[in-house]
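Dear colleague,

Please find the structure below, handed over for your review. My notes on what was found in it follow.

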Amino acid sequence: MALRVTFVAAARSSSLLAERFDDDRPLDQGGWDEVLRAGGELLPLAAAELRYCSPTPRSRATGDAIGCAPLVQLALRDCDMGRWRGLTLGEAMAREPAAVDAWLADPRTAPHGGEPLLAFITRVGDWLDTRPGEDGDRIVAVAEPSVIRAALVYVLKAPPATYWNLDVRPLSTATVTGRAGRWNLRFEGASASRS
């Protein structure tokens, strides 16, 4: 047996076009409405043996709303975007186009003065690899979409540039199974058991 970790993307705190780097705003009304609509589907996740969340207000609120009462994990915080914190990608591009291009092209760079993408992916992967638990334990982690993208790149042992090709929507889930360094991405159909 192995651990089963289900990541739940936090509900939104703004329209998708207005998403900001390292955003710590609470859920907006649309986010609350989304949680209420999806709550029934996500409620079984509250039975997990271990329940965690990113430190953002929207991740904590999403976890609470689906009945998880999650424990905040600093390792699940969003990528440190340095001086771009609070900006949209468009705003950062307007201010520093060459720096944004360098950041998108090289996962080892941090022209914004924050955390390189590769370090972010490694941090999230290290968190995943150090989860306690017994064989068969279920873990839920409510996190920012960027954190889930980083986890999936780590799990798949994909090139860091894959991060840019993953679209994680609010309240979507992704489940991985395994143990430290040996993770598998699991897809389930609508009729699949949630066990």
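Throughout this message, buried means under 20% relative accessible area, exposed means over 50%, and partly exposed means in between (1.4 Å probe, protein chains only). The model is a predicted one, in which local features need pLDDT of at least 70 and side-chain atom pairs count only at pLDDT 80 or more, while totals for chains, interfaces and linings use all residues. Residues are numbered from 1 along each chain as its sequence is written, and side-chain values use heavy atoms, with hydrogens and water left out.

I begin with the loop between helix 6 and strand 5 (173–179), where A161 is placed; helices (H or I, at least four residues) and strands (E, at least two) are DSSP runs numbered from the N terminus. A161 has 48% relative accessibility and therefore counts as partly exposed. Although A161 and P107 are 54 residues apart in sequence, their C-alpha atoms are 7.2 Å apart in space.

W164 is found in the loop between helix 6 and strand 5, and at 30% relative accessibility it counts as partly exposed. Together with M93 and L104, W164 makes a nonpolar surface patch of about 220 Å². Patches are made of residues with over 30% relative accessible area and no salt bridge, with like charges joined within 9 Å and nonpolar side chains (Val, Leu, Ile, Met, Phe, Trp, Tyr) within 5 Å. A salt bridge here is a side-chain nitrogen of Lys or Arg within 4 Å of a carboxyl oxygen of Asp or Glu, and accessible areas come from the Shrake-Rupley method with a 1.4 Å probe, only the protein chains shown counting as cover for residues.

L171 also lies in the loop between helix 6 and strand 5. It is buried, with a relative accessible area of 12%, and its phi is near 65 degrees, a positive value in a residue other than glycine. A positive phi of about 45 degrees occurs at A69, which is not a glycine either. A69 sits in the loop between helix 2 and strand 3 (71–72) and, at 55% relative accessibility, counts as exposed. Most residues other than glycine have a negative phi.

Turning to the interior, a nonpolar core is a set of buried Ala, Val, Leu, Ile, Met, Phe, Trp, Tyr and Cys residues joined through side-chain atoms within 4.5 Å. The largest has 36 residues, and F7, W84, F120, L128, I148 and V176 have the most contacts inside it. Helix 6 gives the largest share of this core, seven residues. Beyond its neighbours within four places in sequence, I148 is in contact (heavy atoms within 4.5 Å) with F7, V8, A9, A143, V168 and A174. Another core, of 16 residues, lies apart from it and includes L27, V35, A46 and C53.

In helix 2 (residues 57–65), R58, S59, A61, T62 and G63 are buried. Their cover includes strand 1 (3–9), helix 1 (29–42), strand 2 (50–53), strand 4 (138–143) and helix 6 (145–156). Just after helix 2, G67 takes a positive phi of about 85 degrees.

Finally, the structure holds zero disulfides, a disulfide being a pair of cysteine sulfur atoms within 2.5 Å. For C53, the nearest cysteine sulfur is that of C68, 9.2 Å away. C53 is buried at 0% relative accessibility, and C68 is buried with a relative accessible area of 1%.

With kind regards
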